[in-house]
Amino acid sequence: MQERRSNHDRRQETRGALLGAARALFLEKGYAATGTPEVVERAGLTRGALYHHFKDKQALFLAVVEAEAAQIAAGIEAGSANAQTPLAALMEGAQAFFAAMRVPGRVRLMLLEGPAVLSPETMRRIDLETGGRELRLGLAEALGKDATTGRVNALADLVSALFDRAALAIAGGADAQLYEEAVRELLAVLVGSAKA
């Protein structure tokens, strides 16, 4: 006997198919050159299904970017979960970030098209709810009880820019090991000097 799927399961399956098709097309063609008719055709669905889940193409793109950000954050959290010290957690989280950014197309979605399509402010909000939250928690722990929220936030913004720049360089063909080691060195200096 075939098990019946709930409406919730069907909705999630439809949403997942749309997100998967949209992600693939955004990577193949870019946001501007991707049309919603292509998305529904690739997903094997109707335009009605698309617009039931997403207001427009930009809302679909936002959902793709939010899903990518959540996956990056989950990787960082998992990668740093067993660290023995706060500094080790930052280092292992950095390694997990770079591993997450090696997923094909992720740099393009998160660091190039995301800010251009959604705005830097929207990307910042997404970051603060995902990977940026993890970074702030890690820095606050590493800096200790005397670190103010303002200081942690300022340092996290700068460190986040450092990570993004390194990811862009690596995606552009730079020596990944060299950049990853440089980021770890800078984190060690930052935490050491900030606590002094």
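Which side chain meets Arg102 in a salt bridge? In this predicted model, the partner is Glu180, with 2.9 Å from N to O. Arg102 sits in the loop between helix H5 (86-101) and helix H6 (106-118), while Glu180 belongs to helix H10 (residues 176-195), so the pair ties together parts that are 78 residues apart in sequence.

Let's step back to the whole chain. It has 10 helices and 0 strands, and its C-alpha trace spans about 60 × 40 × 30 Å along the principal axes. Of the 196 residues, 39% are buried. Among contacts with a separation of 6 or more, 66% involve residues 24 or more positions apart. The accessible surface is about 10700 Å², with 55% of that belonging to carbon and sulfur atoms.

Now for the charges. The chain carries 23 positive and 24 negative charges, and their mean positions are 5 Å apart. A search of the whole structure turns up 11 salt bridges, including these:

| Salt bridge | N to O distance |
|---|---|
| Arg42 and Glu28 | 2.7 Å |
| Glu38 and Lys29 | 2.2 Å |
| Arg102 and Glu180 | 2.9 Å |

Take the pair of Arg42 and Glu28. Arg42 lies in helix H2 (residues 36-43) and Glu28 in helix H1 (residues 7-29), so this bridge ties together parts 14 residues apart in sequence. Arg42 is partly exposed at 42%, and Glu28 is exposed at 51%. In the bridge of Glu38 and Lys29, Glu38 is partly exposed at 27%, as is Lys29 at 36%.

Finally, Arg23, Glu68 and Arg106 are linked in a network of salt bridges.

Notes. Residues numbered from 1 in each chain as written. Predicted model: local features only at pLDDT ≥ 70, side-chain atom pairs only at ≥ 80, totals over all residues. Heavy atoms only, no water. Helix = DSSP H or I, 4+ residues; strand = E, 2+ residues; numbered from the N terminus. Buried < 20%, exposed > 50% of the residue type's maximum accessible area, 1.4 Å probe, protein only. Contact = heavy atoms within 4.5 Å. Areas by Shrake-Rupley, 256 points an atom, 1.4 Å probe, with all protein chains shown as cover. Lys, Arg positive; Asp, Glu negative; His and termini not counted. Charge placed at Lys NZ, Arg CZ, Asp CG, Glu CD. Salt bridge = Lys/Arg side-chain N within 4 Å of Asp/Glu carboxyl O.
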